[in-house]
Amino acid sequence: GAFSRKANAAAAKAQWERKGKHAAILPRKMGSLRLFAVLLGPFDTREMAEAESASVKALGARAIVTPY
């Protein structure tokens, strides 16, 4: 997810970590907007990332696979 407030990103990161996922927060700028993206990973292969994306979606969250 991407959040405009770092505290919300930290809460989402903690939620994923409680589910056993490795999560990180990546600050991003989109024009004048500053966002805090919560990322899961890293993964050794795209296939591993795709499999994790499917498990995240099964939990009811949206997910995309992207290099960072």
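This is a predicted model: local features need pLDDT of at least 70, side-chain atom pairs count only at pLDDT 80 or more; totals for chains, interfaces and linings use all residues.

Let me begin with V38, which, once its neighbours within four places in sequence are set aside, is in contact with G1, F3, A9, A12, K13, W16, A23 and A24, contact being heavy atoms within 4.5 Å. Residues are numbered from 1 along each chain as its sequence is written, and side-chain values use heavy atoms, with hydrogens and water left out.

V38 also belongs to the largest nonpolar core, whose seven residues are A9, A12, W16, A23, F36, V38 and V56; such a core is a set of buried Ala, Val, Leu, Ile, Met, Phe, Trp, Tyr and Cys residues joined through side-chain atoms within 4.5 Å, where buried means under 20% relative accessible area with a 1.4 Å probe, protein chains only. Two or more residues come from each of α1 (6–18) and β3 (33–40), and α1 gives the most, with three; helices (H or I, at least four residues) and strands (E, at least two) are DSSP runs, numbered from the N terminus.

Turning to the sheet, V38 in β3 is the bridge partner of I25, and β2 and β3 pair in the antiparallel sense over eight bridges, pairing requiring at least two DSSP bridges between the strands. The open sheet has three strands in the order β1-β3-β2, with antiparallel pairing, and its edge strands, each pairing on one side only, are β1 (2–3) and β2 (23–30).

Terms used: Buried means under 20% relative accessible area, exposed over 50%, partly exposed in between (1.4 Å probe, protein chains only).
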